[in-house]
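Thank you all for coming.

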Amino acid sequence: MADLDAALQQFEAAESNLEKLESLWKQIEEHIGSGPAFGNPPEYDELCLAFRRILPALPAIDGFRVGDELQDYNAIGQMRLDALEIGEIDAQASVEDCIEKQGRLLREYRFRLRAKRVQAHLSYCVVILEL
């Protein structure tokens, strides 16, 4: 029972940090917008700093870790501008994929966290049934 309690505490801590990161990511996305923009808004930088401060607290799940894929604000603007100048949809899609990678990693982590939590509960239930 102590093992399950310890595991549940770890899951709760990971869940809490993941929720914070998801909230920060949502705010970061709002600052990114949808077109080329330049100027490094201080709010964007502060959100990125807060995100990066919490990110190391997420434990790896079966070797999977959420990496820091946040992009510099001006770099995003330049990538979007370059893609528009090229005029190819593939270039624009590639830029948006790069920008959105952080969100995809968070979603994958949430999926893995849920699966691991279910696995832990099922393992505990099996132990009880074997008693």
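Predicted model: local features only at pLDDT ≥ 70, side-chain atom pairs only at ≥ 80, totals over all residues.

**The core and what surrounds it**

By a nonpolar core I mean a set of buried Ala, Val, Leu, Ile, Met, Phe, Trp, Tyr and Cys residues joined through side-chain atoms within 4.5 Å; buried means under 20% relative accessible area, exposed means over 50%, and partly exposed lies in between, with a 1.4 Å probe and protein chains only. The helices here are DSSP runs of H or I with at least four residues, numbered from the N terminus.

Residues are numbered from 1 along each chain as its sequence is written, and side-chain values use heavy atoms, with hydrogens and water left out.

Which residues does tyrosine 109 contact, once its neighbours within four places in sequence are set aside? They are Ala14, Leu18, Leu58, Pro59, Ile61, Phe64 and Val66, where contact means heavy atoms within 4.5 Å.

Turning to helix 2, this helix has 13 residues and spans 19 Å from its first C-alpha to its last, close to the 18 Å expected at 1.5 Å a residue, the expected span being 1.5 Å times one less than the number of residues. Its buried residues are Tyr44, Leu47, Cys48, Phe51 and Ile54, and because they cover an arc of only 130° around the axis, they lie on the same side of helix 2; that arc is taken over the directions from the helix axis to the C-beta atoms. On the other side of helix 2, the exposed residues are Pro42, Glu46, Leu49 and Arg53.

Now to the cysteines: a search of the whole structure finds zero disulfides, a disulfide being a pair of cysteine sulfur atoms within 2.5 Å. Cysteine 48 is buried, at 4% relative accessible area, whereas cysteine 98 is partly exposed at 28%.

Cysteine 98 is also one of the residues touched by glutamine 71, including Tyr44, Ile76 and Met79, when residues up to four places away in sequence are not counted. Glutamine 71 sits in the loop between helix 2 and helix 3, and its side chain comes to 3.2 Å from the backbone oxygen of glutamate 69.

Finally, a word on two loop residues. Most residues other than glycine have a negative phi. Asparagine 40, in the loop between helix 1 (2-32) and helix 2 (42-54), has a positive phi of about 45° although it is not a glycine, and it is partly exposed at 24% relative accessibility. Aspartate 62, in the loop between helix 2 and helix 3 (73-86), also has a positive phi, near 50°, and aspartate 62 is exposed, with a relative accessible area of 58%.

Technical notes: Polar contact = N/O pair within 3.5 Å; in protein donor to acceptor, adjacent residues only side chain to side chain.
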